[in-house]
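Hi,

Here is the structure I promised to pass on.

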Amino acid sequence: MRDPRIEELARILTGYSTAVQPGNIVLISASGIESLPLVTAVHAEALRAGARHVEVELDLPDLRRQFFDLAGAEQLAYFPEHRLNFMRQVDVSIGIGAPDNVMTLARADQQKIVGHQKLLHPIQEERVKNTRWVVTRFPTYGAAQDARMSLAEYEEFFYAACNVDWAAESRKQDRLKQLLDRANEVRISASDTNLRFSLAGMQAVKCDGRYNIPDGEVFTAPVRDSVEGFITFNAPTLYGGREFNQIRLEFERGRIVRATAPREEEALNRILDTDEGARYIGEFAIGVNPRILAPMRNILFDEKIFGSIHLTPGACYDECDNGNQSAVHWDMVKLLAGDGTIALDGEPIQVDGRFVHPDLLELNPS
């Protein structure tokens, strides 16, 4: 018997998030064989909506690891032009990740991984810029283990965070967007964190279930050269299959001039040296999903944690373009619950992980 929660999620993805229409070309990009129940449900919903063609692309993490272990220079340099050509025909792209072991690539050659991501960036850019896209996850034993939960507990958490009235959540985010749109300066103060930057001329964007499920953040971008100070991120973050903890970044004139992380400092700086833009910030966001309160070791969830902010070394988004271009886009999360203040133009809007501005109280978890 099919799980009705999966059917509901499939309807959100194909209806609210991407609005599949008759005649559309739909690409379902799945990672991990465990994603099959949701892939099947999304495939069915896209066909019911009248999609002209539904393509399913399955990536197996063990094969990806094998590629980085065995591929030679010629294989690593091969650009799959056919994938880019097909992406140019795609109207809707739905990504489904079912991570069973997030450490599959942890001991793979990180230089190969970073280089290959840079090579494939045009395909990613085409998807982001020219399709109606959304990405989500599917519960697995591995994801539950990373979240320190049983699978049943994780599934309950997962669907509570995903299967919500996103139109209502969007309305709640309006006032935060408006405050960020008007702000000139942001200041983040917390343990081992004293950071300031300008938002002058930048617009904020609501993340309300259109591109990510689960969703729940409002993002913008700092003026590229304005970031000053230092910040220590207290949530784990993964990049290229490797986990980083307690990343500390120091900024001068917008540039990361010093980056440290216990036991992973060399790997951290190698990623930040991918290109010039990787040492500048392309995104600043405030997490507002009231059902996500602790790290899951999955950035799709962790960047939405209520009472958190995240900064992103690397590429900015077109919707909030501060001019920073990079093959890297790495969200790093700072939890502020019980320790931290967000101030706009000197006025605190959030203290210790709860909104205190009168226009934002509706966003606080009940």
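Thr131 is buried, at 9% relative accessible area (buried means under 20%, exposed over 50%, partly exposed in between, with a 1.4 Å probe and protein chains only). You'll find Thr131 in the loop between helix H7 (121-130) and strand E4 (132-137). Its side chain reaches the backbone oxygen of Arg127 at 2.6 Å. Leaving aside neighbours within four places in sequence, Thr131 is in contact (heavy atoms within 4.5 Å) with Met87, Val90, Asp91, Ser93 and Glu126.

Before you go on: this is a predicted model, where local features need pLDDT of at least 70 and side-chain atom pairs count only at pLDDT 80 or more, while totals for chains, interfaces and linings use all residues. Residues are numbered from 1 along each chain as its sequence is written, and side-chain values use heavy atoms, with hydrogens and water left out.

Val227 is another buried one, with a relative accessible area of 1%. Val227 sits in the loop between strands E9 (217-220) and E10 (228-232). Apart from neighbours within four places in sequence, its contacts include Leu195, Phe197, Pro222 and Phe251. Val227 and Tyr280 are 53 residues apart in sequence, yet 8.6 Å apart in space, C-alpha to C-alpha.

Finally, a helix pair. H1 (residues 4-17) and H2 (residues 36-48) pack at about 50°, with axes 9 Å apart. The residues of their contact divide into nine nonpolar, one polar and three charged.

Cheers

How values were computed. Axes fitted to C-alpha atoms, helices over the stretch in contact; angles between N-to-C directions. Helix = DSSP H or I, 4+ residues; strand = E, 2+ residues; numbered from the N terminus. Nonpolar A, V, L, I, M, F, W, Y, C, P; charged D, E, K, R; others polar. Polar contact = N/O pair within 3.5 Å; in protein donor to acceptor, adjacent residues only side chain to side chain.
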